[in-house]
Amino acid sequence: MPFKSTLANQAINFDIEQNETVLDAALRQNISLPYGCRNGACGACKAELVEGQVVYPKELPPALNQEEHEQGKALLCQALPTSDITIKARTVDSAGDLKLRKLPCRVTTCEKLNDDVIRLFLELPKTERLQFLAGQYIDIIMRGGKRRSFSMANPPHKDQQIELHIRHYNGGLFSEYAFNELQERALLRIEGPLGQFTLHESDRPILMIAGGTGFAPIKSLIEHCLEIGETRQIDLYWGARSETDLYLNDMANRWAEENTNINYIPVLSELDKLNGWQGKKGFVHEAVMEDYSDLSGHDVYACGPPPMINAIVESLPKHGLDREHLFSDSFEFAAN
Ligand code: FES
């Protein structure tokens, strides 16, 4: 039988399985409690244990001293309940509740997904994790202090490594470096989490629209929805020039095959290169307009280059979309 945990200050309840930490249980059930390292070192998850008992796998973790323990403080990333518990802790309800941090990280994988896109996996120091909300981004801080922003493609529950999708732009300061010089094991400096492009609570069906590497935060959002058992209908449109630009097409197809509430519609725009393509053709916002005459009941999440976002902002409200239910992230290209 799982133990019950109650957040005293918010009347929120969640279950904790045997040998599951309070923090892991909360995050698994989409209750976002604050954390920093998830290994007992930083103290960011410290909370007040109002009722019940917890134990720690070995001795007290470094960020909790004996006195605090006796006063009823608990480190939720390490604490294992031995009874039902009541805790007093704040929750992370919006991007503004998260602490902005500058961290070093190491490139563990640099993988070419097609001629124009590489995927990087970044590992933080062992004592650190970056807490973020699905859809947010980080800045990479380059030598001389210049910054380039990239959305995280991993969902928040997979925070062991940060996943970025980098598109090649001629003259792009970071993209040229990433394509031509960056080696695995390289050290980078990042700041994050940043951005307000996050999932909003609602009971409306969701329309997700990605353009090119705007797929990255959409992937994070969808994988987050799968993790929390989101039951709303999710229709994903991914616009690209040609088939090879749909660089994780198999993954998107798999989401749709394995989840009855997910539909995936790829849309290609370079009409002279579409040999034998049976799917939708044209610009992605046009495909959406063709398929939906009334968007008044939807939430729309869109991420892509400025022309795509501008076209969506301009056109979808004509099909009934309430602007308050349009959440978008437009990525600008910045050359050297
Ligand atoms: S001590 Fe760092 S998250 Fe728990």
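Helices (H or I, at least four residues) and strands (E, at least two) are DSSP runs, numbered from the N terminus. This is a predicted model, where local features need pLDDT of at least 70, side-chain atom pairs count only at pLDDT 80 or more, and totals for chains, interfaces and linings use all residues. Residues are numbered from 1 along each chain as its sequence is written.

Q: What share of the contacts with a separation of 6 or more comes from residues 24 or more positions apart?
A: A contact here is two C-beta atoms, placed from the backbone, within 7 Å. Among contacts with a separation of 6 or more, residues 24 or more positions apart account for 68%.

Q: Is arginine 38 buried or exposed?
A: Arginine 38 sits in the loop between helix H1 (22–28) and strand E3 (46–51), and its phi is near 60°, a positive value in a residue other than glycine. The cut-offs, on C-beta atoms placed from the backbone, are 20 or more others within 10 Å for buried, 12 or fewer for exposed, and partly exposed in between. Arginine 38 has 22 C-beta neighbours inside 10 Å, so it counts as buried.

Q: And alanine 11, buried or exposed?
A: Alanine 11 also has a positive phi, near 50°, and belongs to the loop between strand E1 (3–7) and strand E2 (12–16). Its C-beta neighbours inside 10 Å come to 7, so alanine 11 counts as exposed.

Q: Which strands stand at the edges of the open sheet of 6 strands?
A: Strands pair if DSSP finds at least two bridges between them. The order is E17-E16-E15-E14-E18-E19, with parallel pairing. Two strands have a single partner each, so one side of each is left without a neighbour in the sheet: E17 (280–281) and E19 (326–330).

Q: At what angle does helix H5 run to strand E16?
A: Axes are lines fitted to C-alpha atoms, for helices over the stretch in contact, and angles between N-to-C directions run from 0 to 180 degrees. Helix H5 (residues 249–258) lies across strand E15 (234–240) and E16, and its angle to E16 is about 150°.

Q: Which strand gives the largest share of the side of domain 2 that touches domain 3?
A: An automatic or database assignment sets the domain bounds, giving domain 1 (3–91), domain 2 (96–194) and domain 3 (206–330). The contact takes 15 residues from domain 2 and 16 residues from domain 3. The largest share on the domain 2 side is 3 residues, from strand E12.
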